[in-house]
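Here is a short report on one protein chain. Keep the structure open as you read.

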Amino acid sequence: MPTLYDAARCPYCARARIALAEKGLEYDVLEIDLSDRPQWIYEKNSTGRVPVVEEEAWVLPESAVIMEYLEERYPEPALLAADPSDRALARLWIFRHDDFTKPYYALRRGEDGAAGRLDEQLARLDAALAARPWLGGAEYGLADIAYVPWVLRARDMLGVSLERYPAVGAWVEALLARPAVAAEAELVAAL
Ligand SMILES: N[C@@H](CCC(=O)N[C@@H](CS)C(=O)NCC(=O)O)C(=O)O
């Protein structure tokens, strides 16, 4: 059974939580206090960051790599499309997630102009989701899981309205119909 070194408030950990839930995997959780990190976490991940997944002495950090690992280790249900173009599209979104998360963190720090920069990114997501139902194309999967933790936190913790982004709003609603994502939304509400 995998162990997830986790922190409830961490959106990168949320990627791992959602992917594990979608795969229907049972796993142990070891909650890490990010304000008072145990020294041993550096043995699991040299950066000291979470998430980390450990399975049969195999230790893996980095949320994007963890998602891909889970997909390959537990192929069913699939979270990457069969079509190579859609797989590549999903990976491209994940590869460029900093475009979205940088303005998110800037807004959280209260930086000037951050709200506008995050709005630009939401508009970009909206245009993509107006053209196809999921970020990775025709099917729900890793790209959606990679972005939704920040979109939920922007909406519920930073008070960012999604009203001007109808396709993003519809995407969030469709995601919330999935128990794995609904559980994350509940967790965010309790933070
Ligand atoms: N690139 C890493 C980022 C993980 C990350 O930044 N995690 C934060 C919590 S949300 C963390 O552990 N922060 C502690 C620190 O930066 O020292 C990933 O994708 O897993």
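## A buried arginine

Arginine 17 sits in helix H1, which covers residues 11-22. The model is a predicted one. Is arginine 17 buried or exposed? Its relative accessibility is 8%, so arginine 17 counts as buried. The cut-off for buried is under 20%.

What does the side chain of arginine 17 touch? Its polar contact with the side chain of aspartate 6 has a length of 2.6 Å. A polar atom of the arginine 17 side chain also lies 3.1 Å from the backbone oxygen of alanine 7. Look beyond the neighbours within four places in sequence. There, arginine 17 is in contact with Leu4, Asp6, Ala7, Ala8, Cys10, Tyr27, Arg153, Glu184 and Leu187.

## Helix H1 against helix H7

One of those contacts, Arg153, also belongs to the H7 side of a helix pair. Helix H7 runs over residues 142-157. The axes of H1 and H7 come within 8 Å and cross at roughly 125 degrees. Angles of 65 to 115 degrees would count as roughly perpendicular, and those over 145 as roughly antiparallel. H1 and H7 are therefore oblique to each other. The crossing of H1 and H7 is right-handed.

Which residues make this contact? From H1 come Pro11, Tyr12, Ala14, Arg15, Arg17, Ile18, Ala19 and Glu22. From H7 come Ile145, Ala146, Val148, Pro149, Trp150 and Arg153. By class, 10 of the contact residues are nonpolar, none is polar and four are charged.

## Helix H4 against helix H7

H4 also packs on H7. Their axes are 8 Å apart, at an angle of about 20 degrees. Angles under 35 degrees count as roughly parallel. H4 and H7 are therefore roughly parallel to each other. H4 passes H7 in a left-handed crossing.

On the H4 side, the residues are Ala90, Trp93 and Ile94. They meet Leu142, Ala143, Ala146 and Tyr147 of H7. This contact has seven nonpolar residues, with no polar and no charged ones.

## A closer look at isoleucine 94

Isoleucine 94 is part of helix H4. At 10% relative accessibility, isoleucine 94 counts as buried. Leave aside the neighbours within four places in sequence. Isoleucine 94 is then in contact with Ala64, Met67, Leu142, Ala143, Ala146 and Tyr147.

Isoleucine 94 and valine 181 are 87 residues apart along the chain. How far apart are their C-alpha atoms? The separation is 17 Å.

## Helix H5 against helix H7

Helix H5 covers residues 98-108. The axes of H5 and H7 come within 11 Å and cross at roughly 25 degrees. H5 and H7 are therefore roughly parallel to each other. Their crossing is left-handed.

Phe100, Thr101, Tyr104 and Tyr105 are the H5 residues in this contact. Their partners in H7 are Tyr147, Trp150, Val151, Arg153 and Ala154. The classes are seven nonpolar, one polar and one charged.

Now turn to the backbone. Most residues other than glycine have a negative phi, and most peptide bonds are trans. Where does this chain depart from that pattern?

Valine 50 and proline 51 are joined by a cis peptide bond, with omega about 10 degrees. Proline 51 lies in the loop between helix H2 (41-44) and strand E3 (52-55). A cis bond also leads from glutamate 76 to proline 77, where omega is near -10 degrees. Proline 77 lies in the loop between helix H3 (63-73) and helix H4 (84-95).

## Two positive phi angles

Alanine 57 is not a glycine, yet its phi is positive, at about 70 degrees. Its place is the loop between E3 and strand E4 (58-61). Is alanine 57 buried or exposed? At 70% relative accessibility, alanine 57 counts as exposed.

Glutamate 62 also has a positive phi, near 75 degrees. Glutamate 62 is in the loop between E4 and H3. With a relative accessibility of 48%, glutamate 62 counts as partly exposed. The cut-off for exposed is over 50%.

Definitions and conventions:
Residues are numbered from 1 along each chain as its sequence is written. This is a predicted model: local features need pLDDT of at least 70, side-chain atom pairs count only at pLDDT 80 or more; totals for chains, interfaces and linings use all residues. Side-chain values use heavy atoms; hydrogens and water are left out. Helices (H or I, at least four residues) and strands (E, at least two) are DSSP runs, numbered from the N terminus. Buried means under 20% relative accessible area, exposed over 50%, partly exposed in between (1.4 Å probe, protein chains only). A polar contact is a pair of N or O atoms within 3.5 Å; within protein, one must be able to donate a hydrogen and the other to accept it, and residues adjacent in sequence count only if both atoms are side-chain atoms. Contact means heavy atoms within 4.5 Å. Axes are lines fitted to C-alpha atoms, for helices over the stretch in contact, and angles run from 0 to 180 degrees between N-to-C directions. A crossing is left-handed if the near helix is turned anticlockwise from the far one by less than a right angle, and right-handed if clockwise. Ala, Val, Leu, Ile, Met, Phe, Trp, Tyr, Cys and Pro count as nonpolar, Asp, Glu, Lys and Arg as charged, and the others, Gly among them, as polar.
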